[in-house]
Amino acid sequence: MCGSPASGRALIQGLQAIDPDGEPSDISLSLGLLAPRAPYFAQLELNAIAAGTRQVVNLGAGYDDRALRFRHSGVQFFDLDLPEIIADKARRLEALDTDITRVTLAAVNFATDDVADVLARAGHDAQQPTLFIGEHLVLFLQPGDVERLLAGVSSHAAKGSILALTAEVHPAGLDSALVISTVDDVMFGGAGPLHTIKARDAWLNQFKQHGWQVNNANEVTAVNHFGLPMTDQPVQIQAQFLTATTACLG
């Protein structure tokens with residue numbers, strides 16, 4: 001491992017969370033989710049690299065700095081996000097006094113772009129095993145966009161690849177569309193950014209349909225995200241960490 005934690009810290013220097021109105025945002029809830037999530041995905045990435053994986057694709061990477069911190073000889077990191085974020089991240093990376101030859105940035109709009117095409121243009125090798133990470137991403141995508149994302153990723157997933165997502169999960173027996181509409185009305189006054197919350201079995205089935213087998217499917221690794229007033233008592237929405245492998249060629 002030849003990563004640079006100092007460069008990772010420099011990458012995000014001066015960044016501040018801003019709400020949709022342009023005001024400083026309270027990130028206390030986000031930090032509560034990040035505390036258990038970050039170590040999970042960090043260790044997953046370190047384990048994959050140690051096991052010989054030579055491609056890491058970070059879907060919705062934002063300003064994540066693991067491509068710098070976990071830099072390793074022979075490992076190519078692909079960070080995908082919206083064009084404006086990628087442009088700013090590129091400027092920040094170029095200003096750092098560190099090796100970024102193993103970091104590939106690729107602009108993508110998950111609502112309109114084919115991830116498979118984006119990966120191909122970025123130089124991702126679909127014949128080599130890859131760790132795909134979608135950390136705190138799919139909650140903000142429409143269900144149809146999540147479906148297209150999984151299809152695109154699966155088409156570039158060689159045998160031995162790994163896919164890890166944070167999936168928002170509601171208790172079994174609830175209607176997912178009703179859950180989403182309630183979230184929208186109660187938490188955001190009808191203009192909510194959260195779009196995909198499903199029962200755990202629905203997530204497992206969706207993974208399976210795209211050739212992925214969730215590891216230890218009977219063991220739930222999760223953090224409580226928020227409570228939602230439905231029926232006679234609050235419903236707990238969880239962010240569950242799902243890691244799956246594929247034995248199928250894309």
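Me: Let me start with a residue in a loop. Between which strands does the loop holding Asn216 lie?

Reply: The loop runs between strand E7 (213-214) and strand E8 (222-230). Keep in mind as we go that this is a predicted model.

Me: Where is His136 found, and how large is its phi?

Reply: His136 sits in the loop between E4 and H6. Here too phi is positive, about 60°, although the residue is not a glycine. Its relative accessibility is 24%, so His136 counts as partly exposed.

Me: Let us turn to a strand residue. Is Thr166 buried or exposed?

Reply: Thr166 belongs to strand E5 and is buried, with a relative accessibility of 3%.

Me: What else does Thr166 touch, not counting residues up to four places away in sequence?

Reply: Besides His136, the list includes Gly134, Glu135, Leu137 and Val138, along with Arg37, Phe41, Gln240 and Phe241. Gly134 is 32 residues away along the chain, yet the C-alpha atoms of Thr166 and Gly134 are separated by 6.7 Å.

Me: How should I read an aromatic pair, and how many are there?

Reply: Look at the distance between ring centres, then at the angle between the planes. The count here is three aromatic pairs. Take Tyr40 and Phe241: their ring centres are 4.9 Å apart and their planes stand at 45°, so this pair is tilted. Tyr40 lies in helix H2 (residues 28-50) and Phe241 in strand E9, so the pair ties together parts 201 residues apart in sequence. Tyr40, Phe41 and Phe241 make up one aromatic cluster.

Me: Which ring does the charged end of Lys198 sit over?

Reply: The ring of Trp203, with the charged end of Lys198 at 4.9 Å from the ring centre.

Me: How do I read a nonpolar core, and which residues of the largest one touch the most other members?

Reply: The general idea is that nonpolar side chains tend to be buried together in soluble globular proteins. In this model, the largest nonpolar core has 31 residues, and Leu59, Leu80, Leu149 and Phe207 touch the most other members. Strands E1 (55-59), E2 (76-81), E5 (162-170) and E9 (233-245) each supply at least two residues of this core, and so do helices H5 (115-122), H6 (143-155) and H8 (200-209). Apart from this core lies another, of 21 residues, including Ala48, Leu93, Leu96 and Ala239.

Me: With which residues is Phe207 in contact, leaving aside its neighbours within four places in sequence?

Reply: Phe207 contacts Leu163, Leu165, Trp212, Val214, Leu242 and Ala244.

Me: Now for a helix: which residues are buried in H5?

Reply: In H5, the buried residues are Val115, Ala116, Val118, Leu119 and Ala122. They cover an arc of only 160° around the axis, which puts them on the same side of H5. These buried residues pack against E1, E2, strand E3 (103-107), strand E4 (131-134) and H6.

Me: Which residue caps the N-terminal end of H5, and which residue follows the helix?

Reply: Asp114 is the cap, with a side-chain oxygen 2.8 Å from the backbone nitrogen of Ala116. Gly123 follows H5, and its phi is positive, near 95°.

Me: Is Asp79 buried or exposed?

Reply: Asp79, in strand E2, is buried at 3% relative accessibility. Beyond its neighbours within four places in sequence, the contacts of Asp79 include Asn58, Asp64, Lys89 and Thr104.

Me: To finish, how many helices and strands does the protein have?

Reply: There are eight helices and nine strands. Of its 250 residues, 46% count as buried. Among contacts with a separation of 6 or more, 73% come from residues 24 or more positions apart.

How values were computed: Residues are numbered from 1 along each chain as its sequence is written. This is a predicted model: local features need pLDDT of at least 70, side-chain atom pairs count only at pLDDT 80 or more; totals for chains, interfaces and linings use all residues. Side-chain values use heavy atoms; hydrogens and water are left out. A nonpolar core is a set of buried Ala, Val, Leu, Ile, Met, Phe, Trp, Tyr and Cys residues joined through side-chain atoms within 4.5 Å. Buried means under 20% relative accessible area, exposed over 50%, partly exposed in between (1.4 Å probe, protein chains only). Helices (H or I, at least four residues) and strands (E, at least two) are DSSP runs, numbered from the N terminus. Contact means heavy atoms within 4.5 Å. Rings of Phe, Tyr and Trp (its six-membered ring) pair if their centres lie within 6.5 Å; planes under 30 degrees apart count as stacked, over 60 as edge-to-face and the rest as tilted. A charge sits over a ring if NZ of Lys or CZ of Arg is within 6 Å of the ring centre and within 35 degrees of the ring normal. The arc is that of the directions from the helix axis to the C-beta atoms. A polar contact is a pair of N or O atoms within 3.5 Å; within protein, one must be able to donate a hydrogen and the other to accept it, and residues adjacent in sequence count only if both atoms are side-chain atoms.
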